[in-house]
Amino acid sequence: MRIARYVYNILAIAFLLCLVVQAFIAGLAVFTDAVYWGSHTEFVRYFAFMPLVMFLLTFIAKIGGVQRWLSLGMFGAVIFQFLNIQALPSAAVLHPVIALILFAMSFIVVRNTTWRGTRGEIG
C-alpha cells in the first residue's frame with residue numbers, strides 16, 4: 001500500500017510537469033515555428049494515461065475522496081482533449097480552456113499529495 005501511494009505521488013507530480021511541458025511546446029509552435037505541433041501531438045502520448053493509472057492506484061493505496069475522483073476527472077478531460085481535436089473540430093476552441101482546467105485539477109491533486117500519505121480531501 002505504501003508503494004502504491006508513493007507511485008501515485010510521483011505520477012501526480014509528473015503529470016503536472018508534463019502539462020507544463022505540453023503548454024511550452026504549444027507556445028513554441030504558436031510563437032516560433034509550427035513544426036513544433038508535431039512534438040505537441042506526440043508528447044501527449046507519453047503521459048495521457050497517467051491519470052487513469054492514478055485512479056486505479058487509489059484503490060490499491062486506499063486513497064479516496066477528492067483525490068480519487070479528480071484522477072478520474074483528469075483522465076476524462078484528457079479524453080475530451082483528444083475528441084475535441086479529432087472528432088469534434090468545431091469544439092477545438094475549447095482545447096486551451098480544457099488544458100487550463102486540467103492544470104487546475106492536477107495542481108489540486110499535487111497540493112493534496114504528501115509523502116506521509118495522501119489526503120482524500122481538499123485541505
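A: Let's start where α4 meets α5: Q67, L70, G73, M74, A77, V78, F80, Q81, N84 and I85 in α4 are in contact with H95, I98, A99, L102, M105, S106, I108 and V109 in α5. Contact here means heavy atoms within 4.5 Å, and helices are DSSP runs (H or I, at least four residues) numbered from the N terminus. Please keep in mind that this is a predicted model, in which local features need pLDDT of at least 70 and side-chain atom pairs count only at pLDDT 80 or more, while totals for chains, interfaces and linings use all residues. Residues are numbered from 1 along each chain as its sequence is written, and side-chain values use heavy atoms, with hydrogens and water left out.

Sorted by class, the contact of α4 with α5 holds 12 nonpolar and 6 polar residues, and no charged ones. Nonpolar covers Ala, Val, Leu, Ile, Met, Phe, Trp, Tyr, Cys and Pro; Asp, Glu, Lys and Arg are charged; the others, Gly among them, are polar.

As for geometry, the axes of α4 and α5 come within 10 Å and cross at roughly 160°. Axes are lines fitted to C-alpha atoms over the stretch in contact, with angles from 0 to 180 degrees between N-to-C directions. The two helices α4 and α5 are therefore roughly antiparallel (over 145 degrees). Their crossing is left-handed, meaning that the near helix is turned anticlockwise from the far one by less than a right angle.

Helix α5 also has α1 as a partner. In that pair, Y8, A12, I13, F15, L16, L19 and V20 of α1 touch L102, F103, S106, F107, V109 and V110 of α5. The contact of α1 with α5 divides into 12 nonpolar residues, 1 polar and no charged. The axes of α1 and α5 lie 9 Å apart, at an angle of about 150°, so α1 is roughly antiparallel to α5. The crossing of α1 with α5 is left-handed.

Turning back to α4, we can look at its packing with α3, which spans residues 50–60. Here P51, L52, M54, F55, T58 and F59 of α3 meet R68, W69, S71, L72, M74 and F75 of α4. This contact has 9 nonpolar residues, 2 polar and 1 charged. Helix α3 passes α4 in a left-handed crossing.

Terms used
Parallel < 35°, antiparallel > 145°, perpendicular 65-115°, else oblique.
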